[in-house]
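Me: I have not looked at this one before. Can you walk me through a few parts of it?

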Amino acid sequence: MYEFDVPLEEHIALPQRPELLFSLAVGLLGDAAASIAAGDTLVGREQTTNQALVFAATYFEAFIESRLNDEVDADFSILGAAAYYLADNPGSAMVVARGAAPPSVGLGAGLALLSYRLLLSDYDAIGRTVYGEFPDRILSAVAAYLDGRGDADDALTPMQQVREEAYRTGDGRELLYADIASAIVKKKIEKSARAILPAASGLPLQTWLPALERAAFPRELWPSQQRICAAGVLRGESAVIQMPTSAGKTKATELILRSGFLSGRAWLAVIVCPFRSLCHDIRGDMARAFSGENVVLNEATDSFQQDLTVEALWGQKTILIVTPEKLLYLLRRTPELAQHIGLVIYDEGHQFDSGARGVTYELLLTSLKLSLVENTQIVLISAVIANAHDIAGWLIDDEEAIVDGAGLMPTARRVAFASWQTQLGRLEYVSPLDPDDTEFFVPRVIDRVTLRRLPRERTDRYFPQAEDGASIGLYLGLKLVSNGSVAVFCGRKDTAVKLCETAVDLFLRSDAFTKPVEESDPDEVAKLAALFEAHIGADAPSTKAAYLGIFPHHASVPNGLRLSVEFGMKLGDICFVVCTSTLAQGVNLPIRYLIVTGVYQGGDRILVRDFHNLIGRAGRAGMHTEGSVIFADTKVFDKKRQVRERWRWRTAKELLDVANSEPSSSSISAIFQPFEYGQPTRQISLNVELLHNLVFDDETTVEANVTRIVNENPGVDARRFRRYLQERVQIVHGIASFLLAHLDFAGEGLADRAAILARNTLAHYLADEARRAQIETVFRTIAERILQGAATEELRATLRRSPLAPTTVNTLKTWLEANRAILSEALSAGTLLASMSAVLLQYNRNSSMTSLSDQAVMPIIIENWISGATFAAIFRLLVERNIRIGGNNRYPTVEDAVAICESGLGYEGAMILATIADLAEDDEGDLPGALTLLQRQMKSGLSSLAALGFFEAGFADRVVAQALAEAFPNVVDRQSASLAARNATAQAREVVGPYPAYFTSVLNELLN
């Protein structure tokens, strides 16, 4: 009730006095502590389960939060934290202990303070107590043991003496705290890294001592990390790891990397992340973990260029962090790289069936399966992989190589549905395992507010709007943000943008709500908002919302801003985001309240596994003991009994049941799925025998097929079928690139060799016999089609190195041969970009660009983008040229400008330029270098070498990179950018100081 600011007179009367449960909770904790403290000497007492201990911890915590009796807060805080700790929930134990005031030295004769310090891992002396210097001796001995310097008995012996004395002369409170302190000491020793790591890794303690001396290294291992150790992963065993969100993945990754380096099994470790934002996140975590050590951390840019000195990767201990696309690019240019990889970690490893990227990810893993040397350690990590045994069988050849996270729940999670059937709405809390079971409700949570009229308005407006999930979600977020960080989830990015606009309008019309900036670090909010303004303009709704402390997080927020928002949330400097599924892409944000406004994305419901990945962000271990997931659309709960409306309730129930999680399947297998249309449903299937014809097909052929199918099948939507066919073309092109990289095209038996490669794919592993035969047929016929269309090894080598489709590479090769002289002249005249724009646009099918009503604007946008113009300036260009977007002819937004530049030009446009630069690589003169530079400029939207250098060195924001370039104009690449920052640290800090804290953290990484 206090959490939702319900008036005292409206608090629900308790059916019975909570004090009645005190004896039970204390008894459960006391029994567990005594049992652990006594070890094998305690007989005849039933062991208390972890579930019972969590009940006790929840009781103590709830009693405090209910404000029923402030006099017990000191005891109950320590008892609650201790119950969590003994239940193997160290994150929640730390949260409760941090929130407690230190008890007086007299409470429990000093043993309460000793327990409190142990729970906080604070080993500073507390001074003399009734038990003399024994507490200080215990604290010092525990600290020494955890650091690897002391002996366990140095802590256990005085702790046992204190316990025995408490049993002889102490009162009941002393006895309880003596048992608790003794149990904590034993647990700390038993679960310590010092005790577990040597046996788990096969390495002596002496080898681990330098790591144990590092302040950030985990002295105690969480349950998930203990399971990884028990499974032999630190000894080099490959495994598929199922680890719930916030269960300690970052530290587990560090342990795996360290064991590989310390044992000598690996000099080059590769971490593959499917999302660029996750690469940045992991780079920051690993940079802090290995700071000052002889380990090189290399986050390869996702530019399609050879921006790494590959030989240097295996010249010293190196962690390479890459996207699947970039690693495939490196492997196809430098196949020998695979022979030097000693450890590969696939993060978010369930992304095999996420469209075209899923094909890339699956075929990357297949490529490495074929290329890695024997005994290379392979670790795949995912929180939401439903068919882990299948994935392990395919990837590792051992279906039992699973580290199962079953039963690990680092924080509790509550689920509520907004209900508004009377004047004041309420929240109905349900059992997460059975949503039909309503556990309790919180009344008077939603109250409609009358908004001020603006000039010339005559009609009153109200907030929130009934049955509008988005406005109710915003209302609840503003109501709860004072209690902890909030994420309002929207199914679409335009909904997220509209919600930011609604928030701005709300604060213009009402003073009834607290601005999130007032719960945040005002300096960081100001820096973030200023950077939003620099990128997208002062008038953009997202900028105005940012000044309020409300930050958007979706695919059309400029990349540097997304990174800054994520970092600000991680630090706790900001506390309110409006997001899409980008939040579910593995980035660790400490969210207490996840408010769900909708679960549909462009007409498709979010996957169950993605939904659980998303709600796993609510309640971060070590920061919260509980997270809340709130469905804001009142129609879900209030209309669940109406026949035509109850589909929403069924959808919510299906999403909440983790047993419904979709298995990780193969994107390659999607090629066989028929196209469905009409009512009743009809199907159109592609002929498996003819799929190989798509290898060298171009857009003209695709359009011809679309026209034919639409004419032959009334009712087929041309746009849907075109998308369906283009997806199949992408899969065929992915298979073709895979075969080009791994297949020997010389001699007889080509088809058989292609079939052998097919048998190594996940698609083949998961398929039945009939489908396996079809997959092999597809691979055989594609191989034969490649041989027909690329008869020479020289041409195949050209195709192999490009991320583009074979037909596009062939066409670009022909174009380059016909235009070399023209390009050289253009280079001399300073007009190379203008000469390249036409071909760049001809082969770029990015929807953010092709949907523009007038394509003539694109060459102007390209010029502005590369010159470093802001997104606001490019948006103004779209407005001035009266551009409309898509089939519904809507007006453009600044988010469209971001999508055009970062996705259309910065990704797909850069791929086209990378291919042309590769084709010209062996040319004489300056043209190859100029094309490579142009590709880098297209990737980042920057022109100067200095700005490019800082951008690629980690300052992945155009505004920040340009500011650094102005201060350090002599920088020419990422290496000289790092050197310049080190040589003029004060100046570098002065430049990045006005920008969000993320960029100071990047600078610190470079300096270390």
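Me: Is asparagine 970 buried or exposed, and why does it count that way?
Reply: Keep in mind that this is a predicted model. Asparagine 970 counts as exposed because its relative accessibility is 71%, and the cut-off for exposed is over 50%.

Me: Where does asparagine 970 lie?
Reply: Asparagine 970 is in the loop between helix H40 (958-967) and helix H41 (974-983). Its C-alpha atom is separated by 50 Å from that of glutamate 703, and the two residues are 267 apart along the chain.

Me: Now leucine 548. Buried or exposed?
Reply: Leucine 548 has a relative accessible area of 11% and is buried. The loop between helix H21 (541-547) and E14 is where leucine 548 lies.

Me: What does leucine 548 touch?
Reply: Leaving out residues up to four places away in sequence, leucine 548 touches Ala503, Val504, Phe507, Lys515, Pro516 and Val517. As for alanine 718, it is 170 residues from leucine 548 in sequence and 44 Å from it in space, C-alpha to C-alpha.

Me: You mentioned E14. What is the strand order in the open sheet of 8 strands?
Reply: The order is E10-E9-E8-E19-E16-E13-E15-E14, and the pairing is mixed.

Me: Which strands stand at the edges?
Reply: Strand E10 (434-446) and strand E14 (551-553). Each has a single partner strand, so one side of each is left without a neighbour in the sheet. From one strand to the next, the twist averages 25°.

Me: What packs on that sheet?
Reply: Helix H25 (residues 647-656) does, touching E8, E10 and strand E19 (626-631). The direction of H25 makes about 110° with that of E10.

Me: In which sense do E8 and E9 pair?
Reply: Strand E8 (residues 412-419) and strand E9 (residues 425-431) are antiparallel, with 5 bridges. As an example, alanine 418 has leucine 427 in E9 as its bridge partner.

Me: Switching to strand E2. Why is E2 largely enclosed by the rest of the structure?
Reply: Because 5 of the 5 residues of strand E2 (residues 268-272) are buried.

Me: Which way do the residues of E2 point?
Reply: Leu268, Val270 and Val272 point one way, while Ala269 and Ile271 point the other way, and all are buried. In a regular strand the side chains alternate between the two faces of the sheet.

Me: What does E2 pair with?
Reply: E2 pairs in the parallel sense with strand E4 (residues 318-322) over 5 bridges. E2 also pairs in the parallel sense with strand E5 (residues 341-346), over 5 bridges. On the E4 side, isoleucine 271 has isoleucine 321 as its bridge partner. On the E5 side, tyrosine 346 stands opposite valine 272.

Me: And helix H5, how many of its residues are buried?
Reply: In helix H5 (residues 111-120), 9 of the 10 residues are buried, so H5 is largely enclosed by the rest of the structure. Among the buried ones are Leu111, Tyr116 and Arg117.

Me: What do the buried residues of H5 pack against?
Reply: They pack against helix H3 (73-86), helix H4 (90-98), helix H6 (134-146), helix H7 (153-169) and helix H8 (172-190). Just after H5 comes serine 121, which takes a positive phi of about 55°.

Me: Last topic, cavities. How many of 30 Å³ or more are there?
Reply: A search of the whole structure finds 3.

Me: What lines the largest cavity?
Reply: There are 14 lining residues, and His280, Asp281, Phe567, Lys570 and Tyr998 lie nearest the centre. Helix H13 (276-289), helix H22 (559-571) and helix H43 (997-1007) each supply at least two residues of this lining. H13 gives the largest share, 7 residues. By class, the lining has 3 nonpolar, 4 polar and 7 charged residues.

Me: And the second largest cavity, what lines that?
Reply: It is lined by 13 residues, of which Lys249, Thr250, Thr253, Ile282 and Asp347 lie nearest the centre. Helix H12 (249-263) and H13 are the elements that give two or more residues to this lining. The largest share, 5 residues, comes from H13. The lining of the second largest cavity divides into 5 nonpolar, 4 polar and 4 charged residues.

Note on methods
Residues numbered from 1 in each chain as written. Predicted model: local features only at pLDDT ≥ 70, side-chain atom pairs only at ≥ 80, totals over all residues. Heavy atoms only, no water. Helix = DSSP H or I, 4+ residues; strand = E, 2+ residues; numbered from the N terminus. Buried < 20%, exposed > 50% of the residue type's maximum accessible area, 1.4 Å probe, protein only. Pairing = 2+ DSSP bridges. Axes fitted to C-alpha atoms, helices over the stretch in contact; angles between N-to-C directions. Contact = heavy atoms within 4.5 Å. 1 Å grid on protein atoms, 1.4 Å probe; cavity = no way out; pocket = protein on both sides within 12 Å on 5 of 7 lines; lining within 4 Å. Points joined across faces, edges and corners; volume = space filled by probe spheres on them. Nonpolar A, V, L, I, M, F, W, Y, C, P; charged D, E, K, R; others polar.
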